Amino acid sequence: MRVLMTGGGTAGHINPALTIAKALGDTYPDCEILFVGAEGRMETRLVPAAGYRIETMKVSGFMRKLTPAAIGHNIGAAWQALTAGGRADRIIREFKPDIAIGTGGYVCGPILRKAAKRGIPVVVHESNALPGVTVKMLSKWATVCVSEESAKAYLPSDAKVVVTGNPLPADFAQIPKEEARKRLGLDERPLVLSFGGSLGASAINCAVSGMLEKSRREGKLQHIHGAGRAGYAAMCDALKASGIPLHADGIDVREYIDNMKDCMAAADVVICRCGAMTLTELQACGKPSILIPSPYVAENHQFHNAQALVSREAALCMEEKDLTAASLWEAVKSITDDPAKLLRMGENARKGAVTGAMDRILEVVADALKTAKQ
């Protein structure tokens with residue numbers, strides 16, 4: 001079986017694709033997988049590192065502003081959209097896939113449209129509660145797997161939609177907390193894990209920098225923070241100027257958290273954005289969280305993602321406009337200083353976890369293959 005996988009731009013699109021690819025390889029030993037990603041994006045690093053071949057194409061999304069820079073960007077994006085179709089057609093002709101599977105991102109559009117027009121079955125997985133523009137467009141031809149029932153309302157009524165949940169690696173939530181803490185060299189103090197995505201988020205980095213100053217004076221907490229590729233140098237400079245160590249006194253500031261399974265297992269409280277896959281991880285691990293929705297995503301979908309956890313009292317939500325070092329510190333203390341609240345929020349998070357997502361996605365793939373052969 002030959003599988004064309006596509007999805008990228010962010011870890012929230014790439015990691016589900018890699019998880020699905022691994023499950024397909026385990027289920028179908030003869031499976032050959034080819035990824036298609038956007039040129040210059042993070043999938044070009046993560047996919048080969050996971051052992052898969054990748055082809056790339058030039059593609060980018062449109063900006064909604066009317067500034068000269070945005071107009072220039074959109075002209076380039078329109079040209080890329082025109083040329084991407086030819087590139088997608090060549091990839092499909094040469095690889096000859098039996099099925100095409102996408103997990104979101106602009107790169108999915110041209111490659112999956114071409115696959116559908118060639119009669120190749122298409123499956124799309126949408127991790128967010130609010131489906132993106134690309135997924136809505138592809139729902140004309142694809143079977144769409146969604147994370148939760150509410151997502152159906154945002155897709156055409158005649159679309160083929162299956163509620164599967166979001167896939168996680170089989171061992172993601174299986175690491176005992178004490179084992180993870182031992183691996184990380186932590187002591188008995190509560191651990192606050194924070195990150196703003198692979199590139200980082202300047203507002204979160206700034207607030208965490210100030211919070212670390214306050215926390216270091218008190219000395220009751222430990223911290224692991226992922227500053228992101230774009231924000232790491234600036235955060236290091238800010239911490240050094242304040243006399244805060246990067247890797248001492250219970251503080252560990254990194255560019256990228258590459259052992260997230262251990263860090264998540266060891267954490268007592270997590271500070272993060274509200275990407276759908278991150279929230280899936282929080283619930284699978286039963287972690288209280290302080291969620292900071294990105295104000296820069298389409299249709300404010302991260303805020304919508306967060307509300308499911310907030311409504312169950314599994315998380316606090318702080319909009320970026322209200323985020324300061326002081327407000328973040330108070331939010332952290334409101335949880336870590338109240339053991340009963342800490343336990344209750346963790347239990348509420350775990351109750352929302354949807355298990356068996358990967359099995360349901362594999363069933364959708366098998367059904368699409370079967371239907372295509374009839």
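Q: What does "buried" mean for F35 and Y52 in this predicted model?
A: Buried means under 20% relative accessible area. Both F35 and Y52 are buried, so each falls under that cut-off.

Q: Why is the pairing of F35 and Y52 called tilted?
A: Good one to check by eye! The ring centres are 5.4 Å apart, with 50° between the planes. A search of the whole structure gives one aromatic pair.

Q: What makes this pair a tie between parts of the chain?
A: F35 sits in strand β2, while Y52 belongs to the loop between α2 and β3, so the pair ties together parts that are 17 residues apart in sequence.

Q: How do you know that R2 lies over the face of F95?
A: R2 is at 4.5 Å from the ring centre of F95. The limit for CZ of Arg is 6 Å, so R2 meets the distance test. R45 over the face of Y256, at 5.8 Å from the ring centre, meets this test too.

Q: Why are β10 and β14 called edge strands?
A: The open sheet runs in the order β10-β11-β9-β8-β12-β13-β14. β10 and β14 each have a single partner strand, so one side of each is left without a neighbour in the sheet.

Q: How do you know that β8 and β12 pair?
A: Three bridges join these parallel strands. Pairing takes at least two bridges, so β8 and β12 qualify. Within them, V192 stands opposite V269.

How values were computed. Residues are numbered from 1 along each chain as its sequence is written. This is a predicted model: local features need pLDDT of at least 70, side-chain atom pairs count only at pLDDT 80 or more; totals for chains, interfaces and linings use all residues. Side-chain values use heavy atoms; hydrogens and water are left out. Helices (H or I, at least four residues) and strands (E, at least two) are DSSP runs, numbered from the N terminus. Rings of Phe, Tyr and Trp (its six-membered ring) pair if their centres lie within 6.5 Å; planes under 30 degrees apart count as stacked, over 60 as edge-to-face and the rest as tilted. Buried means under 20% relative accessible area, exposed over 50%, partly exposed in between (1.4 Å probe, protein chains only). A charge sits over a ring if NZ of Lys or CZ of Arg is within 6 Å of the ring centre and within 35 degrees of the ring normal.
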